[in-house]
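Here's a quick briefing on the model below. Have the sequence and the 3D view open as you read.

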Amino acid sequence: MTMSLQHIVARSKARGLLNGSVTPDLAQAMTVHRLLVLEGDALLASALLKFVLSLQKTPEPAG
């Protein structure tokens, strides 16, 4: 399987976001997600989307 440089960079950024070594940035995560989808990397794109959705959840107020 041959990967483009763009795909390799997107995979690297996605892994960094998922493992916490890169500070989560919603705009960057969605750009990386879009690139992964375009490159056909559905599994990693799905994991990244789940991660992004978990960031958007706000905690419920206590009481």
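**Val 32 and the helices around it**

Val 32 sits in helix α2. Helices here are DSSP runs of H or I with at least four residues, strands are runs of E with at least two, and both are numbered from the N terminus. Bear in mind that this is a predicted model: local features need pLDDT of at least 70, side-chain atom pairs count only at pLDDT 80 or more, and totals for chains, interfaces and linings use all residues. Residues are numbered from 1 along each chain as its sequence is written, and side-chain values use heavy atoms, with hydrogens and water left out.

**Overall layout**

- The protein chain has 3 helices and 0 strands, and along the sequence the pattern reads α-α-α.
- Of the 63 residues in the protein chain, 25% are buried (buried is under 20% relative accessible area, exposed is over 50%, and partly exposed is in between, with a 1.4 Å probe and protein chains only).
- Take the contacts (heavy atoms within 4.5 Å) between residues at least 6 apart in sequence: 47% of them join residues at least 24 apart.

**Val 32 up close**

- Val 32 counts as buried because its relative accessibility is 3%.
- Not counting residues up to four places away in sequence, Val 32 touches Ala 10, Lys 13, Ala 14 and Leu 48.
- Val 32 and Lys 13 are 19 residues apart in sequence, and their C-alpha atoms are 7.1 Å apart in space.

**α1 against α2**

- Helix α1 covers residues 5–19 and helix α2 covers residues 26–38; their axes come within 9 Å and cross at roughly 135°. Axes are lines fitted to C-alpha atoms, for helices over the stretch in contact, and angles run from 0 to 180 degrees between N-to-C directions.
- That makes α1 and α2 oblique to each other. For the cut-offs, under 35 degrees is roughly parallel, over 145 is roughly antiparallel, 65 to 115 is roughly perpendicular, and the rest is oblique.
- The α1 and α2 crossing is left-handed (the near helix is turned anticlockwise from the far one by less than a right angle; clockwise would be right-handed).
- On the α1 side, the contact uses Gln 6, His 7, Ala 10, Arg 11, Lys 13, Ala 14 and Leu 17, while α2 brings Gln 28, Ala 29, Val 32, Leu 35 and Leu 36.
- Sorted by class, the contact of α1 with α2 has 7 nonpolar, 3 polar and 2 charged residues. Here Ala, Val, Leu, Ile, Met, Phe, Trp, Tyr, Cys and Pro count as nonpolar, Asp, Glu, Lys and Arg as charged, and the others, Gly among them, as polar.

**α2 against α3**

- The axes of α2 and α3 come within 9 Å and cross at roughly 160°, so the two helices are roughly antiparallel to each other.
- The crossing of α2 and α3 is left-handed too.
- From α2, Leu 26, Ala 29, Met 30, Val 32, His 33, Leu 36 and Val 37 meet Leu 44, Ala 45, Leu 48, Leu 49, Val 52 and Gln 56 of α3.
- The contact of α2 with α3 splits into 11 nonpolar, 2 polar and no charged residues.
- His 33, in helix α2, counts as buried because its relative accessibility is 16%.
- Setting aside neighbours within four places in sequence, His 33 is in contact with Ala 45, Leu 48 and Leu 49.

**α1 against α3**

- α1 and α3 pack at about 40° with their axes 10 Å apart, so they are oblique to each other.
- α1 passes α3 in a left-handed crossing.
- Arg 11, Ala 14, Leu 17 and Leu 18 of α1 meet Leu 44, Ala 47, Leu 48 and Phe 51 of α3.
- By class, the contact of α1 with α3 has 7 nonpolar, no polar and 1 charged residues.

**The core**

- The largest nonpolar core has 11 residues: Ala 10, Ala 14, Leu 17, Ala 29, Val 32, Leu 36, Leu 44, Ala 45, Leu 48, Phe 51 and Val 52. Such a core is a set of buried Ala, Val, Leu, Ile, Met, Phe, Trp, Tyr and Cys residues joined through side-chain atoms within 4.5 Å.
- The elements giving two or more residues to this core are α1, α2 and α3 (42–56), and α3 gives the most, with 5 residues.
- Leaving aside neighbours within four places in sequence, Ala 29 is in contact with Leu 17, Leu 48 and Val 52.
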